Amino acid sequence: MARQTESEMSVVSWKRLFLIALGLCGVQFCWAIQVGNTTRSLLELGLDPELVSMAWLAGPIAGIIVQPLVGTLSDRYETRMGKRTPFILAGSFFSAVALLLFGNAEQLGKWLGDVSNDVSVNSNRMEKMNVSHYGLVIAVVAFWLLDFSLNAVQGPLRALMADVAPSEQQEQGNAFFALFTGVGNLLGNILGSIPLSEYVNFISSDICGLYSVGAVIIIVTSCICGYFANERDMLSLKNYHTSHYYLTFESSQLMEESSPFGEETRNQGQEDIGERFGMRQITQILRDAPFPFWKLFLIQCFTWFAWFTEFVFITSWMGSEVLQGNPNAPEGSKSRLSFDYGVRMGNVGLSLQSVVAIAYSLVLPRLVKVAGIKFCYILAHFLLGFCLCWTPILTKLHSVGWSIVAIALLGIPWASTITIPWAILSRSLRAHVPERMGMYSTLFNASQCFPEILVSIVAEKLLARLSRQTTILAMGGVMAWLGSSWIFTL
């Protein structure tokens with residue numbers, strides 16, 4: 001059947017687009033509570049600090065494997081519920097299961113036979129005092145399950161918006177996505193900064209309450225999204241096609257790259273696909289990437305190395321090094337209370353970071369017109385490097401207030417990181433290879449996965465020798481500055 005033209009696609013109510021985009025709010029809430037609390041929880045369960053970064057390998061591995069796989073499957077198969085909705089609902093269900101398992105890992109471990117063992121504390125190094133063996137296994141498995149499940153939701157959710165909205169409404173749909181990204185981050189970080197167990201008597205711990213809220217939110221938002229997507233009606237029109245939409249920085253207009261595969265081509269089978277995307281063709285695609293694709297790729301690798309150090313360590317750094325707490329100390333002890341308070345203050349900083357990012361994103365387009373996109377890009381890297389390299393000084397000062405300021409200021413480079421490199425890339429692809437925009441944009445995502453793997457490996461080695469998370473954060477800052485040097489060559 002011929003693909004439906006733009007003129008045939010009816011205008012979609014903004015309320016429907018708004019409620020579809022609401023699904024991303026639940027996903028982003030889960031990412032926010034994961035970033036703000038996972039490292040703390042794993043340390044409290046007894047995981048060696050130098051092994052924490054290895055647990056975080058779940059993210060890049062899931063990004064490399066799950067999103068392309070689920071995206072391909074959702075393109076090819078239809079069900080009574082639609083093409084995208086089944087994956088969104090299934091991923092949300094498993095995300096909720098993972099959240100509940102992680103939030104109750106310590107209690108489940110005790111039920112299975114975990115016994116706390118008290119050991120002396122070394123003030124210069126976080127030593128294990130309470131090791132929950134079963135609980136730790138449950139938490140790590142749940143953490144990986146959560147990463148894989150959230151990735152399974154995210155890809156089909158964005159594809160769903162592309163399916164539902166005609167091209168003239170894609171800008172509106174993506175604006176709702178941007179809104180709910182900020183709202184989800186903000187809500188997750190704010191709740192992470194509140195001692196929930198002090199206000200809700202029936203929850204066993206702050207983590208249990210926080211992750212239980214996350215489970216409810218992702219189920220509710222995904223169900224609302226699936227209901228208002230109403231894919232069953234769309235299936236009857238047979239107007240699905242594979243498209244990718246990108247927002248260009250200068251004009252704020254969305255560009256659409258239609259899939260080279262029509263209905264007939266898609267049914268030709270694996271032989272044609274293998275022939276089209278053989279190793280020789282892949283090598284040719286990599287070699288023919290337009291300027292400045294590979295320079296941007298390299299810059300993004302440096303940038304994402306810096307960001308991943310923040311994702312993994314920033315809140316536990318506040319608790320263990322700024323306030324000199326111990327995540328493995330007995331509950332109620334001064335050392336444990338100091339650590340928990342530091343983590344909550346780290347989440348306060350992340351909340352303010354979300355607010356700053358939202359505010360700065362509103363003025364960034366005008367700033368780019370006045371100062372130039374290269375200046376704004378360099379400024380973002382300088383500030384990212386400065387805030388992370390400032391952490392050793394903040395550790396010596398033991399200043400909670402200035403630490404929160406440093407975390408909040410990271411909202412400026414964060415807004416730039418998720419906007420500027422993609423804008424430059426879109427300009428280049430639009431000018432040189434518009435027919436391969438989707439392909440090169442997917443390839444560009446790898447610039448974020450590889451640094452995450454590298455951070456996980458390097459951090460394990462450094463923490464085993466130095467036992468200082470500040471060192472990892474400062475190293476991330478140096479990498480951001482190194483990345484900025486390449487911006488001058490663009």
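Student: What should I know about the source before reading the values?

Tutor: This is a predicted model, in which local features need pLDDT of at least 70 and side-chain atom pairs count only at pLDDT 80 or more, while totals for chains, interfaces and linings use all residues. Residues are numbered from 1 along each chain as its sequence is written, and side-chain values use heavy atoms, with hydrogens and water left out.

Student: What is the mean pLDDT of the protein chain?

Tutor: The mean is 78, and 78% of the residues reach 70 or more; pLDDT is the predictor's confidence in each residue, from 0 to 100. Helices (H or I, at least four residues) and strands (E, at least two) are DSSP runs, numbered from the N terminus.

Student: Over which residues does pLDDT stay under 50?

Tutor: One such stretch is residues 236-277, for which the model has 86 contacts beyond four places in sequence, a contact being heavy atoms within 4.5 Å. Where pLDDT is low, the predicted coordinates should not be read in detail.

Student: How many helices and strands are there?

Tutor: The protein chain has 23 helices and two strands. Of its 490 residues, 53% count as buried, meaning under 20% relative accessible area, with exposed over 50% and partly exposed in between (1.4 Å probe, protein chains only).

Student: Changing topic, how many salt bridges does the structure hold?

Tutor: It holds six; a salt bridge is a side-chain nitrogen of Lys or Arg within 4 Å of a carboxyl oxygen of Asp or Glu. In one of them, the side chains of Arg40 and Asp340 meet at 3.8 Å, N to O. That pair links distant parts of the chain, with Arg40 in helix H1 (residues 14-44) and Asp340 in helix H15, 300 residues apart.

Student: Is Arg40 buried or exposed?

Tutor: Arg40 counts as buried because its relative accessibility is 4%. Asp340 is buried as well, with a relative accessible area of 14%.

Student: Which residues are linked with that pair in a network of salt bridges?

Tutor: The network links Arg40, Glu44, Arg336 and Asp340. Leaving aside neighbours within four places in sequence, Asp340 is in contact with Arg40 and Glu44.

Student: Which residue forms a salt bridge with Asp206?

Tutor: Asp206 pairs with Arg344, the closest N and O atoms being 3.9 Å apart. Asp206 lies in helix H9 (residues 206-229) and Arg344 in helix H15, 138 residues apart, and the pair links distant parts of the chain.

Student: Where does the kink in helix H15 lie?

Tutor: A kink of about 40° lies at Leu364 in H15 (residues 334-371), shortly before the proline Pro365. The bend at a residue is the angle between axes fitted to the seven residues ending there and the seven starting there. Just after H15, Gly372 takes a positive phi of about 100°.

Student: Finally, which residues make the nonpolar surface patch?

Tutor: Phe382, Phe386, Val478, Trp481 and Leu482 make a patch of about 450 Å². Patches are made of residues with over 30% relative accessible area and no salt bridge: like charges are joined within 9 Å, nonpolar side chains (Val, Leu, Ile, Met, Phe, Trp, Tyr) within 5 Å. Accessible areas come from the Shrake-Rupley method with a 1.4 Å probe; for residues, only the protein chains shown count as cover. Helix H23 gives the most to the patch, with three residues.
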